[in-house]
Amino acid sequence: MDQRSIKTVEFDKPVMPGGACSVGQAWARVPQSPSTAERAELRACIREWLIRQQAVLVAHYYVDPELQSLAEETGGCVADSLEMARFGRDHDARTLVVAGVRFMGETAKILSPEKRVLMPDLDATCSLDLGCPADQFAAFCDAHPDRTVVVYANTSAAVKARAHWMVTSSIGLDIVAALHARGEKILWAPDRHLGGYIQRKTGADMLMWQGSCLVHDEFKGVELDLLRAEHPDAKVLVHPESPESVVAQADVVGSTTQLIDAAKALDATRFIVATDLGILYKMQAAAPGKTFIAAPTAGNSATCKSCAHCPWMAMNGLANLAAVLQSGANEIFVDPAIAERARMPIDRMLDFAAQKKRNVRASGDLARDDALFRHMGAA
Ligand code: SF4
């Protein structure tokens, strides 16, 4: 069963230095929806093979709700990329099956080199990753050796290997604020909207790569304003990968987990949500009885390209998940030398997050680690 269609996808392809964007072309494969009978069969098969393979399913909030529910029911996790990384590292399964996009599988492998990491589709990528090639990024870093390099999780292992810190959207603001307080200047990549949001909040000196997420980049400030006028009682929840005109209208700006928490905690009954629609499965479960309206991605004669759903997250389906569990295909491998270098910025973030939880100042010794980076050369 492999009747899948191919969707052409356009994304921002920054031309650095200078920061102008050209348009890159990529593609995504869309799994065919199984029938009700096939779904039941596939779900049973996945449950059985997770046990047989001593595997655990680690799913992102943006993938098919069927996969999210399976992860929950089988002892896996549904989470943002920070929690996915932590969960995979700490779980004692021999195999991690990552339902998400490629950089998530790579991060899992870097943190758990002794485990087998499988993905339903290895071609599930991300416009931020595609728009930040490692060789060009290395040249950008080389041109600015005085800056602390902070990269978003949505990058290849080779780009992470060139960074001092990796961050996710749930912890990026705190980490940049801490670096700024130490007087450090930042080189940020790849998402210009998230970087701009963090810069506005912290006042940090940030030199930006100019990538974008093709889903969040499409939310429209003017149309959101009109939608808010139609629903004056609604609270607006916005992921910071969205443009500034959208973020400016938010009641809450945050990572996927933070937005789900806000939907639960706020006493409003209606929300306008500017992030991937895959999140609605968890939001509705966390806040039953509340109404969620998708923020607009089209208008003013523009048509949506992603329509608020990531074409690469959509490549994860029941059929290809069942197939990789049975065959062991689609294993993630990361060059061990790159993995070793890439682990440092990821560990720094996880240590920072753990210490933040304990309300203790981060202990990362950047000066000590910089000595290591000096011997690394280009990623
Ligand atoms: S939703 Fe955006 S940031 Fe997330 S994987 Fe898709 S393209 Fe990348």
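Trainee: In which loop is C310 found?

Mentor: Two conventions come first: this is a predicted model, in which local features need pLDDT of at least 70 and side-chain atom pairs count only at pLDDT 80 or more, while totals for chains, interfaces and linings use all residues. Residues are numbered from 1 along each chain as its sequence is written. Helices (H or I, at least four residues) and strands (E, at least two) are DSSP runs, numbered from the N terminus. On that basis, C310 is found in the loop between β14 and α14 (318-327).

Trainee: Is C310 buried or exposed?

Mentor: A residue is buried if 20 or more other C-beta atoms lie within 10 Å of its own, exposed if 12 or fewer, and partly exposed in between, with C-beta atoms placed from the backbone. C310 has 25 other C-beta atoms within 10 Å, and is therefore buried.

Trainee: With which residues is C310 in contact, leaving aside its neighbours within four places in sequence?

Mentor: Two residues are in contact if their C-beta atoms, placed from the backbone, lie within 7 Å. With neighbours within four places in sequence set aside, the contacts of C310 are Y62, V215 and D276.

Trainee: At which residues does UniProt place the feature "binding site", and what is the largest C-alpha distance?

Mentor: The unreviewed UniProt entry places this feature at C126, C213 and C310. These residues are spread over 185 residues of sequence but cluster in space, the largest C-alpha distance being 9.0 Å. UniProt positions are given in the numbering used here, feature names are shortened, and annotations may be inferred rather than shown by experiment.

Trainee: Why does C126 count as buried, and with which residues is C126 in contact?

Mentor: C126 is found in the loop between β6 (116-118) and α5 (127-130). C126 counts as buried because 28 C-beta neighbours lie inside 10 Å. Leaving aside neighbours within four places in sequence, C126 is in contact with V101, F103, N154 and W312.

Trainee: How many residues surround the ligand, and how do the residues of the shell divide?

Mentor: A residue belongs here if its C-beta atom, placed from the backbone, lies within 6 Å of the molecule. By that criterion 13 residues surround the ligand, and the closest are C126, S127, C213, V215 and C310. Ala, Val, Leu, Ile, Met, Phe, Trp, Tyr, Cys and Pro count as nonpolar, Asp, Glu, Lys and Arg as charged, and the others, Gly among them, as polar. The shell divides into ten nonpolar, two polar and one charged.

Trainee: What is the order of the open sheet that has β8 and β10 as edge strands?

Mentor: Two strands pair if DSSP finds at least two bridges between them. Three bridges join β7 (residues 148-152) to β8 in parallel, with Y152 opposite V167 in β8. The four strands pair in parallel, in the order β8-β7-β9-β10.

Trainee: How far apart are the C-alpha atoms of R162 and V149?

Mentor: R162 lies in the loop between α7 (157-160) and β8 (165-167). R162 is buried because 27 other C-beta atoms lie within 10 Å. R162 and V149 are 13 residues apart along the chain, and their C-alpha atoms are separated by 7.7 Å.
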